[in-house]
Amino acid sequence: MQAVDVPEGGGRSSSAVTGEAIRPAALILGYTLSDYILLRDSKKNEIEEAFFRNSIKAFTGETQPSEEKLIEVSPARLVSTQTPPAFLWATAADGMVPVQHSLRMAHALADHHVPFEFEC
């Protein structure tokens with residue numbers, strides 16, 4: 001989860017939404033890709049494999065990102081007690097983003113005692 005901070009005088013900096021510089025009041029996450037390690041390791045058909053390759057290249061700029069980089073772009077792995085409350089939704093029948101990603105995010109929020117609602 002990334003937030004962009006535009007300080008006075010222009011420029012741009014970014015910080016993880018874990019309570020560092022910017023903390024929104026709440027998160028609304030629909031069909032979220034929450035864990036790129038989960039996505040990398042899951043069984044995929046040809047379309048899902050292409051989606052993974054394109055998605056990870058868009059986020060990292062790399063075709064073969066390291067384990068550390070995949071963790072860095074996996075919101076469920078960045079949840080902390082400072083993560084804002086969240087509303088998550090997904091459908092079990094979605095063909096592009098498996099519902100497991102929303103479930104994984106819900107588990108991460110619950111593990112850190114972050115309030116959330118989940119609709120599926």
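This is a predicted model: local features need pLDDT of at least 70, side-chain atom pairs count only at pLDDT 80 or more; totals for chains, interfaces and linings use all residues.

Colleague: How do you know that the length of H4 fits a helix?

Modeller: H4 has twelve residues, 100-111, and at 1.5 Å a residue they should span 16 Å. Its end C-alpha atoms are 16 Å apart, so the two agree.

Colleague: Which residues of H4 are buried?

Modeller: His101, Ser102, Met105, Ala106, Ala108 and Leu109.

Colleague: What makes you say that they line one face?

Modeller: Looking down the axis of H4, the buried residues fall within an arc of 160 degrees, so they sit on one face of the helix. In general, residues three or four places apart in an α-helix point the same way, because there are 3.6 residues a turn. Exposed His107 and Asp111 are on the face turned away from the buried side of H4.

Colleague: And what covers the buried residues of H4?

Modeller: The cover includes strands S3 (27-30), S4 (86-89) and S5 (116-119), plus helix H1 (36-41).

Colleague: Now the serine. Why is Ser34 called buried?

Modeller: Its relative accessibility is 0%, and the cut-off for buried is under 20%, so Ser34 counts as buried. Ser34 lies in the loop between S3 and H1.

Colleague: What does the side chain of Ser34 reach?

Modeller: The backbone oxygen of His101, at 2.6 Å; the limit for a polar contact is 3.5 Å. Ser34 also touches other residues, including Ser74, Pro75, Arg104 and Met105.

How values were computed:
Residues are numbered from 1 along each chain as its sequence is written. Side-chain values use heavy atoms; hydrogens and water are left out. Helices (H or I, at least four residues) and strands (E, at least two) are DSSP runs, numbered from the N terminus. The expected span of a helix is 1.5 Å times one less than its number of residues. Buried means under 20% relative accessible area, exposed over 50%, partly exposed in between (1.4 Å probe, protein chains only). The arc is that of the directions from the helix axis to the C-beta atoms. Contact means heavy atoms within 4.5 Å. A polar contact is a pair of N or O atoms within 3.5 Å; within protein, one must be able to donate a hydrogen and the other to accept it, and residues adjacent in sequence count only if both atoms are side-chain atoms.
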